[in-house]
Amino acid sequence: MAKSDDCVHILQGLLVFGNVVIGLCGIALTAECIYVVSNSDGPYPLLKATENRDIHAAAWIGIFVGLALFALSILGIIGVVRASRTLLLVYIILMLITFAFEMASCITAATHQDSLTPNLFLKQMLERYQKSDPNKNSDNEVTKTWDELMRQNHCCGVNGPSDWQDYTSAFRLTHSDADYPWPRMCCVLDAQGSPVNLDGCKLGVSGYYNSNGCYDAISGPVNAHTWGVAWFGFAILCWTFCVLLGTMFYWSGIEY
Amino acid sequence: MWAVGDHRRVPGDAEPQLPHSRPRHPGARIMLPLLLLLLPAAHGIDQVRHKPALTQEKLEGVTTASTFVLDQPRCVFNNYSNAVIWLVVALDKDVYAFNSSVGPGTNETAFQRFPDPVHAYMTLNATLDSYPCPKPAGDITVLRVGSETSCAQDETRPTCNGPLPGPGPYRVKFLALEGSVPVAETDWSAPITLRTAKSPNSNPTTSSGHSAGMIAITTILSILFAILLAGLVAMLVFWGSDSCGSSTFGKQESVSVRRYNTHHVYDQPAARL
């Protein structure tokens, strides 16, 4: 009957449209994950030093999942248009495997975001900043990253300059409390990089030292990347779920 | 600007002097005869009604682990224009052991030998010119105790304003000397305790729970995946048989035949013979 034909055409049209969207999203996911993987400046040396590379693992999986989604969407379009049972069966099974991988990537990224607490960075900063051990290169990385972070964002410590007073640190072992209540980078610096007013900085007069903590400056870009991988992946998976259900329904109705 | 940690201080307003020249500590009646025995030649030290205190300015470093910041003694020693102001620092428990007649810069008041065997050290050595009275408005006038690190180990500088060796609590007072004779002193300050640093290992680095977002992602994705797997199983189980309720998607030809007459057969009336 004509009505049934129309239903078929509508369903085919919807499935083709759904697969086109999946293909485009797959390419977008790949591009985004390549950006996350290659973006190694900013606070990323700090993340590397925490030995928590989950976000990188999630992004690498995301690259391959994106490419797989693009390839499978083309396969899906061909299968729907040709109404071929075998092609669609292969499509559904491969899509389910890709779904599982992307699910793993999303959950890893979301868990990683949870693990980046201020205390994690605080502990790392107190243990490694200015730790004058010439053998460990990673400590120099941490020191350089923190100096750059504090200079560019006009901040001090993780929660504030009081971090250096409230906790013992490697910095405190080599710098006396009376001369360096907090590192020189916490002072407001002039164009040559020396403090504008050293006494004011040591006293803690507002205007001559940085009173905010750097946690916002660290967590901002990291959170943005993690949200990108986790939540965009989640959105793609929801859409893929609908398309797959439609495809299963379509498959079961194809003449044998 | 402000004057910090240097030795230019000037006292300010005169506090009303007590009528008696002998110091009157409440409840120190027992100490008084002892003091008289120890200081046979001393004339009385004026008790200036001023209590040194931590500065009220909003500074991050009011107390650190080895320094603290006091308000300058401005308008305190106005009547003693020739005097030199000294700061006496002692541990809270050793306050009553301090003898105002000992001179600064001696072994009994050397900073380097504080807190043991020296119970109170003297530092500062500032004249009245350092502390003009009244204080200019808008300037931050503070005195940082513990700012000189270069002479902290130098025995030849017993009046060093070096960093304090422990968290305290400490009490301070100002003493005005003319020559080597004490002429006025302030009250002892309230006990000042410095900051102590704790180990960073005391903080937990892992978060206590998982965020709502992570739990939402996990549960929703698991449910979706389970539904898809169930659908796949259903598909494979019903392979080949018609699934209920849906029509097949093959082409259906419907042909209708209409019967129609091509010829009309009329009953002819009887023909003409």
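This is a predicted model: local features need pLDDT of at least 70, side-chain atom pairs count only at pLDDT 80 or more; totals for chains, interfaces and linings use all residues.
Modeller: Residues are numbered from 1 along each chain as its sequence is written, chains are lettered from A and ligands numbered from 1 in the order in which they are written, and side-chain values use heavy atoms, with hydrogens and water left out.

Biologist: Why are α4(A) and α10(A) called roughly antiparallel?

Modeller: Helix α4 (residues 85-115) of chain A and helix α10 (residues 215-253) of chain A pack at about 155 degrees, with axes 9 Å apart. Axes are lines fitted to C-alpha atoms, for helices over the stretch in contact, and angles run from 0 to 180 degrees between N-to-C directions. Angles under 35 degrees count as roughly parallel, over 145 as roughly antiparallel, 65 to 115 as roughly perpendicular and the rest as oblique. The pair α4(A) and α10(A) is therefore roughly antiparallel. Helices here are DSSP runs (H or I, at least four residues), as are strands (E, at least two), numbered from the N terminus.

Biologist: What is the make-up by class of the contact of α4(A) with α10(A)?

Modeller: That contact has 22 nonpolar, 9 polar and 2 charged residues. Ala, Val, Leu, Ile, Met, Phe, Trp, Tyr, Cys and Pro count as nonpolar, Asp, Glu, Lys and Arg as charged, and the others, Gly among them, as polar.

Biologist: How do you know the orientation of α3(A) to α4(A)?

Modeller: The axes of helix α3 (residues 54-82) of chain A and α4(A) cross at roughly 160 degrees and come within 9 Å. That angle makes α3(A) roughly antiparallel to α4(A). In the loop between α3 and α4 of chain A lies A:Ala83, whose phi is near 50 degrees, a positive value in a residue other than glycine.

Biologist: What makes α4(A) and α2(B) roughly antiparallel?

Modeller: α4(A) and helix α2 (residues 212-237) of chain B pack at about 165 degrees, their axes being 10 Å apart. This makes α4(A) roughly antiparallel to α2(B). By class, the contact of α4(A) with α2(B) divides into 20 nonpolar, 3 polar and 1 charged.

Biologist: How many residues of chain A and chain B are in contact, and what area is buried between the chains?

Modeller: In contact are 60 residues of chain A and 57 residues of chain B. About 5100 Å² is buried between them, with carbon and sulfur atoms giving 69%; buried area is the accessible area (1.4 Å probe) that two parts lose on being put together, summed over both.

Biologist: What makes A:Asp166 and B:Arg195 a salt bridge?

Modeller: A salt bridge requires a side-chain nitrogen of Lys or Arg within 4 Å of a carboxyl oxygen of Asp or Glu. The closest N and O atoms of A:Asp166 and B:Arg195 are 3.6 Å apart, so the pair meets the definition.

Biologist: Why are A:Glu148 and A:Arg151 separated by about one helical turn?

Modeller: The reason is that they are 3 residues apart in helix α6 (residues 137-153) of chain A. A:Glu148 forms a salt bridge with A:Arg151, the closest N and O atoms being 3.3 Å apart.

How values were computed: Contact means heavy atoms within 4.5 Å.
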